[in-house]
Amino acid sequence: MSQRITRSYKDPYRDKSMSWQKRWKDYDEGLIICWENGKELRKKKPELAKKAKNGELPKLVWKGGVDEETKASKKYGSLKYLAVWQGLRGDDLNIDLDEEPELVCSKTKTMVIFTNDIKKLW
């Protein structure tokens with residue numbers, strides 16, 4: 001059975017006093033806090049948010065961004081990147097922990113496969 005992590009963009013931020021363990025090691029594996037960080041980044045960097053909204057995959061804290069063309073036509077990125085990116089775009093959080101969604105960067109045309117498998121990220 002798949003585990004889909006969802007939150008509406010309209011949902012309020014969670015309690016800031018929540019423990020580190022709860023934010024990063026709970027059922028969502030840190031995706032909600034990543035997404036909330038993306039929502040904050042959207043407020044601080046509207047030009048970056050605009051790029052993301054236009055389908056670009058800019059470099060962010062987590063692996064998954066591609067700012068320039070590469071020789072490889074595809075690469076792996078973290079589901080945590082995808083969560084930040086969704087928040088940055090102003091999208092609802094919607095990630096299935098058992099899937100590996102693929103996105104193509106509108107700027108570089110590089111396909112990024114988002115995964116929770118740490119071995120694929122290195």
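Aromatic pairs come first: in this predicted model, the count comes to three.

Let me take the pair of Tyr-9 and Trp-35. Their ring centres are 6.2 Å apart and their planes stand at 90°, so this pair is classed as edge-to-face; the class requires planes over 60 degrees apart.

I turn now to Trp-24 and Trp-62. Here the ring centres lie 6.1 Å apart with the planes at 50°, so the pair is tilted. Trp-24 is part of helix 1, and Trp-62 is in the loop between helix 3 (46–53) and strand 2 (74–78), so the contact ties together parts of the chain that are 38 residues apart in sequence. Trp-62 is partly exposed, its relative accessible area being 30%.

Finally, the charges. Which lysine has its charged end over the ring of Tyr-9? That residue is Lys-39, placed 4.7 Å from the ring centre. Tyr-9 is thus a ring that pairs with Trp-35 and also has a lysine over it. For Trp-62, the residue over the face is Lys-80, at 5.8 Å from the ring centre. Trp-62 accordingly has Trp-24 as its ring partner and Lys-80 over its face.

Key: Residues are numbered from 1 along each chain as its sequence is written. This is a predicted model: local features need pLDDT of at least 70, side-chain atom pairs count only at pLDDT 80 or more; totals for chains, interfaces and linings use all residues. Side-chain values use heavy atoms; hydrogens and water are left out. Rings of Phe, Tyr and Trp (its six-membered ring) pair if their centres lie within 6.5 Å; planes under 30 degrees apart count as stacked, over 60 as edge-to-face and the rest as tilted. Helices (H or I, at least four residues) and strands (E, at least two) are DSSP runs, numbered from the N terminus. Buried means under 20% relative accessible area, exposed over 50%, partly exposed in between (1.4 Å probe, protein chains only). A charge sits over a ring if NZ of Lys or CZ of Arg is within 6 Å of the ring centre and within 35 degrees of the ring normal.
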